[in-house]
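Hi everyone, thanks for making time this morning. I'd like to walk you through one chain and then look at what sits on its surface.

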Amino acid sequence: MSSLYTRSKEFTRNRKSQSDSPPASPSPTAKTLRVSSIFYLPMLESGGSNPTTSDSYGDRASARARREAREARLATLTSRVEEDSNRDYKKLYESALTENQKLKTKLQEAQLELADIKSKLEKVAQQKQEKTSDRSSVLEMEKRERRALERKMSEMEEEMKVLTELKSDNQRLKDENGALIRVISKLSK
């Protein structure tokens, strides 16, 4: 009788676990448990509640054999479900692993491309800096040349002033010399 009592406990436990699962898609095991609990639970309860039933020993043995066969079927179903779920997990793992590998290769390619772009940017920045330094050196040289030319121009302007003064002095001296020559020529006559 105690074995029958434990069986009914298991059925109630199975019923509770079924209510925990989502109602939309019951598993094959849950469907089998529901069907078996509907048909066999009343037989178990009637067998456990009244020990003096008209069942013979042979009926009990056949019922026990049916129960064991049913339990074996349930065990195979649960093992199949577990295998299916394991297979699904294995497939998911493999697909995730291949996807990770693809993403890793894409990441490496992107990193290489990024390194190329960085090196190109550095080269362009260096060239630009060289151009600006070249331009600045050219501008500096032009400024120096301009200053030198301005100095030369100011020196030449001063020389021009001196030359004009010398020309005017020279003209005055020529005039004086011409006047002296006339005076001397008049005196010598």
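From the N terminus on, the elements of the protein chain run α-α-α. That comes to 3 helices and 0 strands. Please keep in mind that this is a predicted model.

Now, how much of the chain is buried? Of its 189 residues, 7% count as buried. The accessible surface comes to about 16700 Å², and carbon and sulfur atoms hold 56% of that. As for contacts with a separation of 6 or more, 67% of them link residues 24 or more positions apart.

Let's turn to the surface patches. Which residues make up the positive one? Lys 143, Arg 144, Arg 147 and Arg 151 do. Arg 151 lies in helix α3, and with a relative accessible area of 53% it counts as exposed, because the cut-off for that is over 50%.

Next comes a patch of negative charge, where Glu 155, Glu 157, Glu 158 and Glu 159 gather on the surface. Glu 159 belongs to helix α3, which covers residues 57–188. Its relative accessible area is 52%, so Glu 159 is exposed.

Leu 163 is found in helix α3. Is Leu 163 exposed or partly exposed? Its relative accessible area is 45%, so it counts as partly exposed, since that class runs between 20% and 50%.

That's my tour, and I'm happy to take questions!

Technical notes: Residues numbered from 1 in each chain as written. Predicted model: local features only at pLDDT ≥ 70, side-chain atom pairs only at ≥ 80, totals over all residues. Heavy atoms only, no water. Patch = residues over 30% accessible without salt bridge, like charges linked within 9 Å, V, L, I, M, F, W, Y side chains within 5 Å. Areas by Shrake-Rupley, 256 points an atom, 1.4 Å probe, with all protein chains shown as cover. Salt bridge = Lys/Arg side-chain N within 4 Å of Asp/Glu carboxyl O. Lys, Arg positive; Asp, Glu negative; His and termini not counted. Charge placed at Lys NZ, Arg CZ, Asp CG, Glu CD. Helix = DSSP H or I, 4+ residues; strand = E, 2+ residues; numbered from the N terminus. Buried < 20%, exposed > 50% of the residue type's maximum accessible area, 1.4 Å probe, protein only. Contact = heavy atoms within 4.5 Å.
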